[in-house]
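Please keep the sequence and the coordinates at hand while reading.

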Amino acid sequence: MKKYSIYPIEDMGIFEQYRKARDVFWTPNSIDYSRDDYDSLDEPEKEMVKKILFFFANADTLVADNILDNFMKLDLPSEANLFLAYQIMNENIHAETYGDAIESYISSLELKEEAYHAIEGSDIVANKLKWMEKWVNSNDSVNSLLAFILVESIFFSSTFATIFWMKKLEYPLQGFFKGNKEILRDEVSHYEFSTYCWNKYYKNALDKNYIIEAVIEAVNIECNYIDYIVTSTVKSIDPLRLKKYVKHVANIVLSRMGYEHIFPNEETDHNLRFMDELGIQSTVNFFEITSDNYTKVSGNISFDNF
Ligand SMILES: [Fe+2]
Ligand SMILES: [Fe+2]
């Protein structure tokens, strides 16, 4: 039994995921917001981006707290700690990147205060963050792992889809898009890691109906969030398609965990083509990728082209 060394490796699958994630390390210094023209956006779109930033400026550090408070206590091979320690740094980098966007786009001190204390509000963003915080404070590692899977997939799905929909429409936010592309790639690796650990070490730890209820709850929160950020005054993005996309992602997550789809085909949408153009893979939705597919692209892909 090793005490301090990295070798010998107990779970090569986890170790490989750690190495893949680590090999694409980046920092907020590579994101330049100076040419983004947030002020030129119409008021509804500005408001939408602001709400997205309010959520993300807090969500990533919440995930990092959850890792510290709960996941480090899970009974996983020691390689998991390598991944999780790296992920904590990843999440802090994400939070800093969103914080930089807020500092660059928003001048009002009052609004910035609101952004950095978004969880203390009473709107839908606060509700979503509070749902996440509830799991962090639950001190139940297995429940936390389940919530973590749902956050890294369902809770991020509509936000990333909205951001890359805006990119497709050529909104003048190139720095923002570049940062989110880096972040999305990291989030996919976190999702891959968490579902891998779930399937290998905790597959039967919770009742199937309990898991399905948690998925439905997460989907409902996400759909409310879509209504809140993509209001009827936002003309360029269709909230109905986003909701269908969220249900598609929920189906994918369930099948990844070994369960059948719960949302019928007509209620889902996997044809948000701009999501394919992220380069993580070409024909399937990014949450559908397997570890093998991710291996193929993660070392080679150039994100500079986007
Ligand atoms: Fe993150
Ligand atoms: Fe993450």
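Helix α7 spans residues 174–202 and contains 29 residues. From its first C-alpha to its last it reaches 40 Å, close to the 42 Å expected at 1.5 Å a residue, where the expected span is 1.5 Å times one less than the number of residues. Helices here are DSSP runs of H or I with at least four residues, strands are runs of E with at least two, and both are numbered from the N terminus. The model is a predicted one, in which local features need pLDDT of at least 70 and side-chain atom pairs count only at pLDDT 80 or more, whereas totals for chains, interfaces and linings use all residues. Residues are numbered from 1 along each chain as its sequence is written, while chains are lettered from A and ligands numbered from 1 in the order in which they are written.

Helix α7 is mostly covered, with 22 of its 29 residues buried. A residue is called buried if 20 or more other C-beta atoms lie within 10 Å of its own, exposed if 12 or fewer do, and partly exposed in between, with C-beta atoms placed from the backbone.

One partner of α7 is helix α3 (residues 79–105), which packs with α7 at an angle of about 155°, the axes being 11 Å apart. Axes are lines fitted to C-alpha atoms, for helices over the stretch in contact, and angles run from 0 to 180 degrees between N-to-C directions. The angle therefore makes α3 roughly antiparallel to α7; angles over 145 degrees receive that description, those under 35 count as roughly parallel, those from 65 to 115 as roughly perpendicular, and the rest as oblique. On the side of α3, the contact is made by Ala80, Phe83, Gln87, Asn90, His94, Thr97 and Ala101, and on the side of α7 by Phe176, Gly179, Ile183, Asp186, His190, Phe193 and Cys197. Two residues are in contact if their C-beta atoms, placed from the backbone, lie within 7 Å. The residues of this contact between α3 and α7 comprise seven nonpolar, six polar and one charged. In this division Ala, Val, Leu, Ile, Met, Phe, Trp, Tyr, Cys and Pro count as nonpolar, Asp, Glu, Lys and Arg as charged, and the others, Gly among them, as polar.

Helix α3 also holds asparagine 92. This residue counts as partly exposed because it has 15 C-beta neighbours inside 10 Å. Leaving aside neighbours within four places in sequence, asparagine 92 is in contact with Thr61 and Ala64. Between asparagine 92 and alanine 57 there are 9.8 Å in space, C-alpha to C-alpha, and the two are 35 residues apart in sequence.

Leucine 53 lies in helix α2 (residues 43–69). With 21 other C-beta atoms within 10 Å, leucine 53 is buried. Not counting residues up to four places away in sequence, leucine 53 touches Tyr98, Ala101, Ile102 and Ala115.

Ile124, Asn127, Lys128 and Trp131 of α5 make the contact with Ile221, Asn224, Tyr225 and Tyr228 of α8. Five nonpolar, two polar and one charged residue make up this contact of α5 with α8.

Helix α9 (residues 239–256) has 18 residues and reaches 26 Å from its first C-alpha to its last, close to the 26 Å expected at 1.5 Å a residue. The buried residues of α9 pack against α6 (141–168) and α8; among them are Leu242, Tyr245, Val249 and Ile252. Just after α9, glycine 258 takes a positive phi of about 95°.

Two further backbone features lie outside the helices. Glutamate 170, in the loop between α6 and α7, has a positive phi of about 60° although it is not a glycine. This glutamate 170 is exposed, with 9 other C-beta atoms within 10 Å. In the segment before α1 (12–23) is proline 8, and the peptide bond from tyrosine 7 to proline 8 is cis, with omega near -5°.

For the protein as a whole, there are 11 helices and zero strands. Buried residues make up 42% of its 306 residues. Of the contacts with a separation of 6 or more, 78% are accounted for by residues 24 or more positions apart.
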